[in-house]
Amino acid sequence: MANIKSQIKRNKQNEKARKRNASARSELRTAMKKVRLAVEKKDKENALILLSKAERLADKLAARGIQHKRTASRQKANLRRLVNTL
């Protein structure tokens, strides 16, 4: 446990950021799962709508530094490839 006041504060800030980032990553994973489920149901219109939302989320996470830009790009490409099979 930290004894220095500034480090105690920094630990609190880090914990808040960790929770915020975890929530954002979870939101992206949920969006990606919805796209996959729409593809399984052969619902192309809904899959395209959900795909655009998932792509926006991935870009947003990459821009904020929560996720690496290449990871976001790979995820988007994989989802796009999946939707294009319909």
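Analyst: A salt bridge here is a side-chain nitrogen of Lys or Arg within 4 Å of a carboxyl oxygen of Asp or Glu. This is a predicted model, in which local features need pLDDT of at least 70 and side-chain atom pairs count only at pLDDT 80 or more, while totals for chains, interfaces and linings use all residues. Residues are numbered from 1 along each chain as its sequence is written, and side-chain values use heavy atoms, with hydrogens and water left out.

User: Why is the pair Glu-55 and Arg-80 called a salt bridge?

Analyst: The closest N and O atoms of Glu-55 and Arg-80 are 3.2 Å apart, and the limit is 4 Å, so the pair qualifies. Glu-55 lies in helix α2 (residues 44-64) and Arg-80 in helix α3 (residues 69-84), 25 residues apart, so the pair links distant parts of the chain; helices are DSSP runs of H or I, at least four residues, numbered from the N terminus.

User: What makes Glu-55 buried or exposed?

Analyst: Buried means under 20% relative accessible area, exposed over 50%, and partly exposed in between (1.4 Å probe, protein chains only). Glu-55 has 16%, so Glu-55 counts as buried. Arg-80, at 34%, is partly exposed.

Key: Helices (H or I, at least four residues) and strands (E, at least two) are DSSP runs, numbered from the N terminus.
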